[in-house]
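Q: Please take a close look at the surroundings of the ligand in this model. I would like one connected account of the residues and elements found there.

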Amino acid sequence: MTHTASQLDSTHFDVTIIGAGINGVGLFRELALQGVKVLLIDRGDICAGASAAPSRLIHGGIKYLETGEFRLVAQSTFERNLLLRNAPHLVRPLPTIIPIHSWFGGIVPSLLRFMGRKSKMADRGVLVTEIGMQIYDFLGRRARVMPRHKLSLGRKMRRNWPHMAPRVIATGRYYDAAISQPERLGFECVEDALSLNLGCAVKTYTRVEGFTDGRLTLSDLKNQTRQSVTTDLIVNAGGAWIDQVNRDIGLSTRYIGGTKGSHLVLDHPELYRELNGQMVYFGTPDGRICLAYPFMGHVLVGSTDIPVQDPDQAHCSEDEERYMIEMLAHLFPGFSFSAGQVLYRYCGVRPLPASNTDDPGAISRDHIIHTDYTGTTPVLSLVGGKWTTFRGLAEEVADKSLALLHRKRRVSSRERALGGGRDYPSASMRPSWLRSLASRHSVDLERATALFERYGTTAERVAAYCARSPDTALRSLRDYTRNEILYVTTEELVRDAGDLLFRRMPIALSGCLSHAVIVEICGVMAEALYWSTETTEKQIEQNWTRAVKEHGLPENPAKAQAA
Ligand SMILES: Cc1cc2nc3c(=O)[nH]c(=O)nc-3n(C[C@H](O)[C@H](O)[C@H](O)COP(=O)(O)OP(=O)(O)OC[C@H]3O[C@@H](n4cnc5c(N)ncnc54)[C@H](O)[C@@H]3O)c2cc1C
């Protein structure tokens with residue numbers, strides 16, 4: 001596949017997209033499909049900003065019903081249903097449970113919120129929840145693939161949730177979806193675009209230094225080279241950094257008022273068992289909504305919503321960690337919780353529109369597209385949006401871009417499967433698909449299944465690559481092999497060990513990261529990317545520091561265990 005070139009072959013692009021979060025990569029793919037020549041750049045890796053930090057829900061957003069955002073819910077549930085079909089390797093149905101504490105709670109606050117007035121929603125009773133789920137099912141009926149909602153009361157409910165707080169009198173269950181590795185889907189959008197349209201290019205670890213006389217100056221942060229390109233249209237998909245990116249290209253804007261949100265990956269086998277494949281989506285005593293669901297053998301818990309001024313300084317604080325654990329303990333008082341159960345944490349900044357409200361939860365999660373001009377070049381700034389709706393947003397922005405370029409749409413992306421979701425075998429065909437994969441590439445069924453779980457049908461390519469030369473399991477991580485690391489390093493636009501450890505592969509997210517893993521994987525990557533000893537040591541140090549500082553890994557694991 002095409003790699004991130006250190007020097008671009010071309011010096012003119014129809015469209016240049018700044019920011020390779022999901023908004024940027026979604027548009028990159030959509031425009032590539034229309035035959036437009038696009039350059040995508042990011043100062044870091046693909047989907048390394050907010051797009052690597054979501055709750056991983058592909059959802060309609062049932063809580064947006066309270067603010068009357070029916071259009072957003074209808075669009076989001078439709079896109080959710082499409083993603084379940086187009087990316088089945090990463091997006092799966094998620095039964096979602098709402099714990100209910102009363103019969104009639106929340107009627108007045110929800111009416112007030114619905115009318116745009118401020119009101120705290122600490123309780124959503126049976127009536128409010130049932131009405132909400134009815135509307136949610138109705139709005140999500142287009143291209144529906146999942147069952148309708150259900151209410152559970154009394155002993156039946158208690159049988160399913162023996163450890164839930166006694167004050168919970170009922171549960172509502174409806175269906176949404178979750179995406180295990182959004183970072184990987186982001187990469188697959190880029191891969192799709194590059195294979196469709198040879199005129200497109202991507203440059204990661206590259207930032208825009210300025211825009212003068214119609215030329216964008218780009219600076220490659222890895223090899224310190226510079227290049228300039230001309231473009232007919234700039235799309236600013238800089239997420240929480242949109243105003244900074246605009247400043248770099250000569251515009252003064254105040255579009256963003258970001259809020260940070262943090263998540264924890266908890267090692268809690270009892271809670272994992274109680275959840276039984278379902279998410280609890282629960283109101284907290286302070287009027288917020290938190291969630292917990294089974295994730296890669298552990299429990300994913302989220303999230304906070306706190307206004308931040310500088311997105312580069314956002315990290316998951318001890319207070320946020322304590323808050324999320326306390327909220328879980330409030331719902332499951334019989335279980336014990338402690339900071340020692342936190343395997344991994346992550347934080348991201350929602351690129352929300354600037355707002356004066358003191359209730360971040362009330363800011364709309366819908367998107368806004370601003371149009372400005374720098375000189376005579378139009379600039380579209382993409383504010384907000386959600387992972388769930390990225391394709392719909394890309395479609396809308398692509399239509400705007402095509403109009404500005406005086407071009408016509410050629411095809412729709414609605415029915416187009418993504419990455420490892422292409423030619424995905426149905427549940428009944430899966431056993432024979434896996435047996436055939438195993439026998440063609442001389443691996444056992446367990447290994448074939450692990451590759452399929454990680455890469456979907458791209459497992460075929462990965463297994464073929466791994467079979468080309470003798471392969472061995474990593475010493476520090478027996479589920480992964482040396483050749484698999486080489487495949488991802490050389491074929492998936494990787495420029496830094498962090499791209500592979502934190503995004504292309506579910507190593508960090510599944511709680512498997514350790515110093516030994518980083519050392520071994522950097523050693524393998526060094527061969528493929530011709531790193532010097534000095535570069536390899538720097539990669540090890542930088543990524544370990546990041547694992548400790550940003551993701552809460554114990555600096556000295558032996559000491560942490562003893563404590
Ligand atoms: C805590 C949290 C929970 C969420 N949960 C969900 C959820 O469950 N479901 C859902 O659908 N959505 C969810 N979202 C929303 C969703 O993740 C975001 O709306 C989406 O990822 C935003 O994408 P983006 O491309 O606009 O921004 P980002 O992903 O932040 O991308 C912006 C990119 O711009 C780049 N950039 C910045 N400055 C420059 C520069 N000068 N030059 C080049 N590049 C630059 C950055 O490096 C970054 O990669 C959540 C978000 C958060 C933070």
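A: The model is a predicted one, and in it 34 residues surround the ligand, with Asp-42, Ser-51, Leu-57, Gly-385 and Thr-388 as the closest. By residue class, this shell is made up of 15 polar, twelve nonpolar and seven charged residues. At least two shell residues come from each of α1 (22-33), β8 (206-212), α7 (242-248), β11 (259-266) and β16 (342-350), and the largest share, three residues, is supplied by β16.

A nitrogen atom of the ligand is 3.0 Å from a backbone N or O atom of Ser-55, while a polar backbone atom of Ile-22 is found 3.2 Å from a ligand oxygen. Of the 1000 Å² of accessible area that the ligand has on its own, the protein covers 96%.

Turning to the helix α9 (residues 318-331), Leu-328 is located there, and this residue counts as buried because its relative accessibility is 0%, against a limit of under 20%. Beyond its neighbours within four places in sequence, Leu-328 is in contact with Leu-266, Leu-271, Phe-282, Ala-292, Val-301 and Phe-337. The C-alpha atoms of Leu-328 and Val-280 are 9.9 Å apart in space, although 48 residues separate the two in sequence.

Definitions and conventions
Residues numbered from 1 in each chain as written. Predicted model: local features only at pLDDT ≥ 70, side-chain atom pairs only at ≥ 80, totals over all residues. Heavy atoms only, no water. Near = heavy atom within 4 Å. Polar contact = N/O pair within 3.5 Å; in protein donor to acceptor, adjacent residues only side chain to side chain. Areas by Shrake-Rupley, 256 points an atom, 1.4 Å probe, with all protein chains shown as cover. Helix = DSSP H or I, 4+ residues; strand = E, 2+ residues; numbered from the N terminus. Nonpolar A, V, L, I, M, F, W, Y, C, P; charged D, E, K, R; others polar. Buried < 20%, exposed > 50% of the residue type's maximum accessible area, 1.4 Å probe, protein only. Contact = heavy atoms within 4.5 Å.
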